[in-house]
Amino acid sequence: MKKSPTHASAWPRHLFLIGAAEPGPKAGKASLESMGSKAWHLLRMAQLGLPVPPALVLGTHYTREPAASLLPLFGGGLTAFEAVCGLQLGDARAPLIVSVRSGAPVSMPGMMETLLNVGLCDATLPGLLRQSGNPRMVWDAYRRLIASYAVVVAGLAAQPFEAERLQACAGADERRLDYAQLRTLCRRYLELYQSLAGQPFPQDPREQLAAAVQAVYASWFGPKAASYRKLHGIDEALGTAVIVQRMVFGNTGHRSGAGVGFTRDPSSGEAALWVDFLANAQGEDVVSGQRNAHGHATLAQTLPQAWEALQQAARTLEHELGDMQDFEFTVQDGQLYLLQTRSGKRTPRAAARIALDLYEGGLIERQTARERTAHLKAKDLVLQQLAPSDGASAAGTEQQGPQELARASSACSGIASGEIALDPERAIERTRAGVPVILVRPDAQTDDIEALQRVQGLLTLRGARTAHAAVVARQLGKVCLVGCESLRIDAQRQTVAFGPHEYAVGQTLTLDGNQGIVYAGALAVVDVPDTPLQRRLQALRSNS
């Protein structure tokens, strides 16, 4: 009798299935190295009974020869995955729609590519419409796929698609576009794709999936991924896995959304959930750095059951994994789904507080806490603050305080002053000359990583505290303010403005990451030691 391709003995050793009712294929020789950190933690969450959409993982083994992954993918892996999902890729009546994500053995936030909504095409769109009953969501997902596929797979410029989107929005939030407007935008995208690529957008979902997998593997060797590996001493030989996961949709209306959170404040280490949430949106809207987001209060108010489920999930993750977690989630029609978790990037002060709190709370051993804080010195456990004003001049008149220009969301505490640079090239040039620089950008982009590691701080018009670029900035210890809505950037004139106040490239700003405030000029700073934290760390290191 011929064995099923999902039988354990026939299952490819570099293919992993998450979400199967029986152990079978997913129990192979799975490890963090073979299936990558993201998939490894998806498997852990699924085993803990947390709400994780099913996933098929192509291992890190295929990084050097991505084409070799297609045989196990289409030679049995996809069939087993479809059976778990109860849906079929390309089926006109009940189509399986998937995301295709990277996942290296070490965390590299935003450095590789992701494609969402793969499997949508003219033939499957009516089926998803029947499944969801939500024409706006379906057309929104389709236009997202066309634009992202054009950039990630076909190598086209993003700007023409972005220009079409902005024209369709006419200055309004894109979430206000109705299904008819999105349908028109989709049709324009399809025309644009054919014009720029010289061939039609692929209408075969299997072709889409194969190309998406190849593109994600290729992104391991991309410039920003290579820069990140060089910066952090990560071995290129590790490679990345590719995760094909059933889509859950956060863009189905007011009872849906996407978010990113930390189980503790990654800047201070405070034991409180730190969440960015965007209603009626997909995950890339939050992490891309191109959208502003709301805090947990919006989620708690609009979707209280999902918020309660998220709090419980966060407690479970910390208890089971023994560290502060950085997680991504989607809420679809009120139902919470977890898409990722990993140990979160944090400031040195937060690293000390988190390790001490977890040890004192009984979640980690003393030796583990010591290992996690071994690199920290007393000078790391200080908080930069603006120097207090004297309050009066020598003549006895009251001094004028610093000029506050704007407020923004703080992704990393501290104080940073420097001259304005509007592009990474100038930022790198000026820092090489020994000049402190504040990089001012429309969006928080991971493409700016080489400049980001050199500058004093980052200020953006758009973006969430949990955007990938903000996460990287925090890891690098850079002051980072995002979502500064009053900021206006004039690239042609090389100026920035905050209301009536205009400043040219080369003039100086100060970012206060403690309060989320932008000031004019360079302000004096004092280091305030966190004495209680220093004492707790000293006690941890003592032999008693």
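Five strands build an open sheet in the order E1-E2-E5-E3-E4, with antiparallel pairing, where strands are DSSP runs of E with at least two residues and helices are runs of H or I with at least four, numbered from the N terminus, and where two strands pair if DSSP finds at least two bridges between them. Strand E1 (15-18) and strand E4 (114-118) are the edge strands, each pairing on one side only. This is a predicted model, in which local features need pLDDT of at least 70, side-chain atom pairs count only at pLDDT 80 or more, and totals for chains, interfaces and linings use all residues. Residues are numbered from 1 along each chain as its sequence is written, and side-chain values use heavy atoms, with hydrogens and water left out. Within the sheet, strand E2 (residues 55-58) and strand E5 (residues 241-246) are joined in the antiparallel sense over four bridges, and Ala-55 has Gln-245 of E5 as its bridge partner.

Helix H2 (residues 70-85) packs with helix H7 (residues 205-218) at an angle of about 135°, their axes being 11 Å apart; axes are lines fitted to C-alpha atoms, for helices over the stretch in contact, and angles run from 0 to 180 degrees between N-to-C directions. In this contact (heavy atoms within 4.5 Å), Leu-70, Leu-73, Phe-74 and Leu-78 of H2 meet Arg-206, Leu-209, Ala-210, Val-213 and Gln-214 of H7.

In the loop between helix H3 (125-132) and helix H4 (135-152) lies Gly-133, which counts as exposed because its relative accessibility is 58%, exposed being over 50%, buried under 20% and partly exposed in between, with a 1.4 Å probe and protein chains only.
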